[in-house]
Amino acid sequence: MKLFTALLAAGFAVMAAPASADIFADNGCIGCHDADKKKMGPTWKEVAAKRAGNKAAIVASLKDGSKGNYGKIPMPPQPKAVANADALAAAILGTK
Ligand code: HEC
């Protein structure tokens, strides 16, 4: 059972990593964000912890930008990403 769980977890990691990395690359997020490496913006882990279960807050931040929630640097609105906001929010909230 332990082995099965480990294999399952490994399978998910392999499947999940490229998919979520791609959506952030495609939408121009990775210059400022990474799953767990601090760049100009907060890590997806930080955002997932702060906005747990609150997809609407993430969608709103892409539409309107965000400032003062994580530090001094603001994020401008991300108009190109608005069409994919739902998928992006789900991927961010799924970051562990
Ligand atoms: C120019 C750099 C930059 C780019 C490009 C960028 N961000 Fe950000 N992002 C930031 C910064 C800086 C913050 C922190 C703002 C704050 O403190 O409120 C942030 C915050 C966020 C937050 C947290 C919002 C909140 O209020 O909880 C989310 C979600 C987010 N970004 C998603 C994205 C996504 C998705 C993309 C790609 C479509 C993206 N960002 C592109 C710099 C950027």
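## Burial and overall fold

A residue counts as buried if 20 or more other C-beta atoms lie within 10 Å of its own, as exposed if 12 or fewer do, and as partly exposed in between, with C-beta atoms placed from the backbone. By this criterion 15% of the 96 residues of the protein chain are buried. The model is predicted: local features need pLDDT of at least 70, side-chain atom pairs count only at pLDDT 80 or more, and totals for chains, interfaces and linings use all residues. Residues are numbered from 1 along each chain as its sequence is written.

The protein chain has 4 helices and 0 strands, in the order α-α-α-α from the N terminus. Helices (H or I, at least four residues) and strands (E, at least two) are DSSP runs, numbered from the N terminus. Two residues are in contact if their C-beta atoms, placed from the backbone, lie within 7 Å. Among contacts in the protein chain with a separation of 6 or more, 49% join residues 24 or more positions apart.

## Confidence

The predictor's confidence in each residue is given as pLDDT, from 0 to 100. The average for the protein chain is 87, and 78% of the residues score at least 70. Helix 1 (residues 2-26) has the lowest confidence, with a mean of 62, while helix 3 has the highest, at 98. Where pLDDT is low, the predicted coordinates should not be read in detail.

## Ligand shell

The ligand is surrounded by 29 residues, of which Cys29, Cys32, Gly41, Met75 and Ala81 are the closest. A residue belongs to this shell if its C-beta atom, placed from the backbone, lies within 6 Å of the molecule. Two or more shell residues come from each of helix 2 (44-50), helix 3 (55-64) and helix 4 (85-93). Helix 3 supplies the largest share, 4 residues.

By class, 15 residues of the shell are nonpolar, 11 polar and 3 charged. Here Ala, Val, Leu, Ile, Met, Phe, Trp, Tyr, Cys and Pro count as nonpolar, Asp, Glu, Lys and Arg as charged, and the others, Gly among them, as polar.

## Helix 3

Ile58, Ser61 and Leu62 are the buried residues named in helix 3. They lie on the same side of helix 3 because they cover an arc of only 100° around the axis, the arc being that of the directions from the helix axis to the C-beta atoms. Ala56 and Asp64, on the other side of helix 3, are exposed.

The buried residues of helix 3 pack against helix 4. Glycine 65 follows helix 3 and has a positive phi, near 85°.

## Nonpolar core

A nonpolar core is a set of buried Ala, Val, Leu, Ile, Met, Phe, Trp, Tyr and Cys residues joined through C-beta atoms within 7 Å. The largest one has 9 residues: Trp44, Val47, Ile58, Leu62, Ala81, Leu88, Ala89, Ala91 and Ile92. Helix 2, helix 3 and helix 4 each give two or more residues to this core, and helix 4 gives the most, with 4. Leaving out residues up to four places away in sequence, isoleucine 92 touches Trp44, Val47, Ala48 and Ile58.

Valine 82 lies in the loop between helix 3 and helix 4. With 14 other C-beta atoms within 10 Å, valine 82 is partly exposed. Valine 82 touches Leu62 and Lys63, not counting residues up to four places away in sequence.

Lysine 96 is in the segment after helix 4 and is exposed, with 10 C-beta neighbours inside 10 Å. The C-alpha atoms of lysine 96 and alanine 48 are 7.7 Å apart, although 48 residues separate the two along the chain.
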